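Please examine the sequence and the structure shown below.

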Amino acid sequence: MNVRAAAANVLYQVVDKGVSLSSALPSAQQSIKPRDHALLQEICYGALRYLPRLESISGKLMDKPLRGKQRVFHHLILVGIYQLSFMRIPAHAAVGETVEATKTLKGPRLRGLINAVLRNYQRNQQELDQFSVSHNAGKYAHPSWLLKLLEQSYPEQWQNIVESNNCKAPMWLRVNRKHHTRDEYLELLSEQDIEGIAHPEARDAIKLANACDVTKLPGFEQGWVSVQDAAAQLSVEYLQPQAGELILDCCAAPGGKTAHILERNDNVQVVALDCDETRLKRVQENLQRLNLKAQVICGDARNPQDWWTGDKFDRILLDAPCSALGVVRRHPDIKWLRRAEDISALATLQSEIIDAMWQQLKSGGTMVYATCSITPQENAEQVKAFLARTADAELTGSDKSNPGRQILPGEDDMDGFYYAVIKKS
């Protein structure tokens, strides 16, 4: 398939149908040549990152919007505008290939329209680009409700958060210390002319100066290293697994944190729980590549009686379902798929899970509550409410007035994440 046609299909699936980019993109990649995978990814991620600007420009260039069966061609126009505005592809190639995509999408009669729209944009690009950032949604490339939430929650940092969200995320690695120390693996990278930088706090984390294909990483297939953001790697630093313990990784898919616990101390018994059977396959695949073993269970964390009859756990890592607003730079579709009303619904779900999981924790045990969100309602406020209603819960490592640690997107080049450590008396 023509790459631009594939990109238009992905945008249509995400924006119009509500399919996640992580689902739509791999399917589209199967329809094009492997050498074009990176180009498709760049177009899709970029167009979703700056969607309001592209929509503003297309609206100015079209007499009336394309509807119904023609909607995919609307997204093809966005693909063309994105290339002309943000990519280094020669203009004639960007326009020519985008127009050519009408054949693949079975709309040759729209060839002339799409060619005219893109040529018109070329002629009036400066004026149209200025118009596209004349409103906040276009200027900041975020929906209005999210901008409002960020301004209210972080009056001094919200613009930095927005800027970080609109940047490409770096590639972080997690070194498997069962094979090498981090310093040893940095040497292996250097021998391959791959530059890496150690994280000051996440003790197994390396940031690559330039992202690369995992097949170029020394020993990737042998399980020497995995790809995982440094903020996510901090979970094991807060959990502090000890030999001989029974540990639950709750909401575990795709399994990065499960694996990290076992890499850090394989003399533990780990149960990996998730309610999504499809995503649990990723957990199994990751464990197999890394030659690690855990008990993988499909179940609802709110109803542990349905899936667990064993001993109570020494430690629980509760990586709660959340809005994922801390990882927008890695998943720009979140900005357009998430809704303001989702936050309170997720907070309710989180509170139900944390209460249920607390009953599965031993006296003297530790729970680490974590999300990849930055909304206070899902994080500090959630923990405050839990502490207020739970007599045997004791917060450690932070103050009750501002419980836990909120990592904002871009801090030490990490994703946005939240952690709170709670002990059971």
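**Strands and a helix in a predicted model**

Helices (H or I, at least four residues) and strands (E, at least two) are DSSP runs, numbered from the N terminus. This is a predicted model, in which local features need pLDDT of at least 70, side-chain atom pairs count only at pLDDT 80 or more, and totals for chains, interfaces and linings use all residues. Residues are numbered from 1 along each chain as its sequence is written, and side-chain values use heavy atoms, with hydrogens and water left out.

Attention now turns to helix α12, residues 182-191. Its buried residues are Arg-182, Tyr-185, Leu-186, Leu-188 and Leu-189. Seen down the axis of α12, these buried residues fall within an arc of 160°, so they line one face of the helix; the arc is that of the directions from the helix axis to the C-beta atoms. The face turned away from this buried side carries the exposed residues Asp-183, Glu-187 and Glu-191. Just after α12, Asp-193 adopts a positive phi of about 60°.

Against which strands do the buried residues of α12 pack? They pack against β1 (172-175), β2 (196-198), β3 (205-208) and β4 (225-227), where contact means heavy atoms within 4.5 Å.

Among these strands, β3 pairs with both β1 and β2. Three bridges join β1 to β3 in an antiparallel arrangement, with Arg-174 opposite Ala-205 in β3. The pairing of β2 with β3 is likewise antiparallel, over three bridges, and the bridge partner of Ile-197 is Lys-207 in β3. β2 and β3 form a hairpin, with six residues between them.

In a regular strand the side chains alternate between the two faces of the sheet. In β3, Ala-205 and Lys-207 point one way, whereas Ile-206 and Leu-208 point the other way, and all are buried.

Notes:
Buried < 20%, exposed > 50% of the residue type's maximum accessible area, 1.4 Å probe, protein only. Pairing = 2+ DSSP bridges.
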